[in-house]
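I opened my notebook to look through this fold. Here is what I looked up, entry by entry.

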Amino acid sequence: MEAARRAPHRPAQLAHDYSLFAPADATAPKVCRDFVRAVLLTLDREPLVLPATLCTSELVTNVHLHTKGTTMLRVQLSPARLRVSVYDESHDAPVTPETKTTACRGRGLALVAEVADLWGVAADRAGRFAKGVWFELGEGEVAGSFRPHRIG
């Protein structure tokens with residue numbers, strides 16, 4: 001009887017914190033991207049899926065290309081914000097090289113900077129992980145303005 005009087009569960013109104021460990025493997029970007037997508041869809045945050053999966057893919061790909069070892073992905077979701085952190089075992093700071101717009105590589109952090117509200121390098125360590133690169137998205141800010149364009 002008491003359960004019938006309670007308000008329905010509303011996952012978008014709660015804070016959530018999830019972690020995933022991905023091995024140093026070429027599948028890590030897809031696994032992490034799919035994990036972020038699953039979390040957001042499960043918690044009724046569909047408008048964040050596209051920008052969040054793009055940024056996650058870029059950060060995890062950088063780990064795969066430029067470091068060795070396991071990746072730790074952390075997804076923190078509050079009613080107003082999403083923060084995704086990607087930790088790796090390298091002490092080297094991420095580099096944002098000057099690249100041509102026609103370059104095939106080297107534009108990942110520039111994409112993250114363009115799509116996310118904020119991004120940066122975590123000031124603290126997470127266990128054996130030496131650094132983390134993170135991005136944040138607001139519920140109505142980037143998610144509402146980021147629109148993919150169809151070519152053709």
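**Confidence**

I began with pLDDT (the predictor's confidence in each residue, from 0 to 100): the protein chain has a mean of 81, and 74% of its residues reach 70 or more. The model is predicted, so to speak of local features I need pLDDT of at least 70, and side-chain atom pairs count only at pLDDT 80 or more, while totals for chains, interfaces and linings use all residues. I number residues from 1 along each chain as its sequence is written, and side-chain values use heavy atoms, with hydrogens and water left out.

Helices (H or I, at least four residues) and strands (E, at least two) are DSSP runs, numbered from the N terminus. Confidence is highest in α2, at a mean of 97, and lowest in α5 (residues 142-145), at 41. Residues 141-152 have pLDDT below 50, yet this stretch has 16 contacts in the model beyond near neighbours in sequence (contact: heavy atoms within 4.5 Å). Where pLDDT is low, the predicted coordinates should not be read in detail.

**Core**

Next I looked for nonpolar cores (buried Ala, Val, Leu, Ile, Met, Phe, Trp, Tyr and Cys residues joined through side-chain atoms within 4.5 Å). Buried means under 20% relative accessible area, exposed over 50%, partly exposed in between (1.4 Å probe, protein chains only). The largest core has 28 residues, and L40, L73, L82 and F135 have the most contacts inside it. Its largest share, six residues, comes from α3.

**Helix α3**

Which residues of α3 are buried? I found V49, P51, A52, T53, C55, T56, S57, E58, L59, V60 and V63.
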